[in-house]
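The following exercises are to be worked with the sequence and the model at hand. Each task is followed by a solution in steps.

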Amino acid sequence: MIKFDWNLLFGIIDIIVFYLLMKKFLFGRIKKVMDERRELISKELEEAENKNREADEKLEAYENRISACEEEGRRIIGEAKEKGNAEYDRILAEARADAEELKKSAEAEAKAEGDRAKSEAKEEIAALAIQAAEKIIGSSVNENTDSAIFDEFLNEGRNE
């Protein structure tokens, strides 16, 4: 037959009483501490998410500022290039105009110098012709005659 052990029964009763005492005095407090801890952790997670969201917003704002600054930089560089090209074209046109003016001035000066040289040559030729005529004729013709011959010689040279 089965023998009943009273120690086993008292052991079970002790465990049940210990469990009830623990439940009444200890488990409630532990549960309260765990609930407070859970609430604290959830608040901290929520704050961390808010800070992450704020950080993402700030990052996006900074990236927008950077892209706006880069665009502004490209615009400024473009304007500077346009101004530089315009200034280059203006200086080049000015230089061409100056060169054309110098060329015209040099041509006019060369033409004037050529005309002067021709005139001097004609005068010299006329003087030589008069000297040759004097030697041929043997005497000097008067000054009026010399001047008339000289003018006629010059007029013939211009008509040629």
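**Exercise 1: An arginine and its partner**

Arginine 116 counts as partly exposed, because its relative accessibility is 39% (buried means under 20% relative accessible area, exposed over 50%, partly exposed in between, with a 1.4 Å probe and protein chains only). The model is predicted: local features need pLDDT of at least 70 and side-chain atom pairs pLDDT 80 or more, whereas totals for chains, interfaces and linings use all residues. Residues are numbered from 1 along each chain as its sequence is written, and side-chain values use heavy atoms, with hydrogens and water left out.

Task: With which side chain does arginine 116 meet in a salt bridge?

Solution. 
1. A salt bridge requires a side-chain nitrogen of Lys or Arg within 4 Å of a carboxyl oxygen of Asp or Glu.
2. The partner of arginine 116 is glutamate 120, at 2.6 Å from N to O.
3. Glutamate 120 is partly exposed, at 42% relative accessible area.
4. An α-helix has 3.6 residues a turn, so residues three or four places apart point the same way.

**Exercise 2: Further salt bridges**

Task: Which residue forms a salt bridge with glutamate 79?

Solution. 
1. Glutamate 79 pairs with arginine 75, their closest N and O atoms being 2.3 Å apart.
2. Because they are four residues apart in helix H1, about one helical turn separates them.
3. Glutamate 79 is partly exposed at 34%, and arginine 75 is partly exposed at 39%.

**Exercise 3: An aromatic pair**

Task: What kind of aromatic pair do tryptophan 6 and phenylalanine 10 form?

Solution. 
1. Rings of Phe, Tyr and Trp (its six-membered ring) pair if their centres lie within 6.5 Å; planes under 30 degrees apart count as stacked, over 60 as edge-to-face and the rest as tilted.
2. The whole structure holds two aromatic pairs.
3. In this one, the centres are 6.4 Å apart and the planes 35° apart, and the pair is tilted.
4. Both residues lie in helix H1 (residues 6-137), four residues apart.
5. Tryptophan 6 counts as exposed because its relative accessibility is 52%, whereas phenylalanine 10, at 49%, counts as partly exposed.

Notes: Helices (H or I, at least four residues) and strands (E, at least two) are DSSP runs, numbered from the N terminus.
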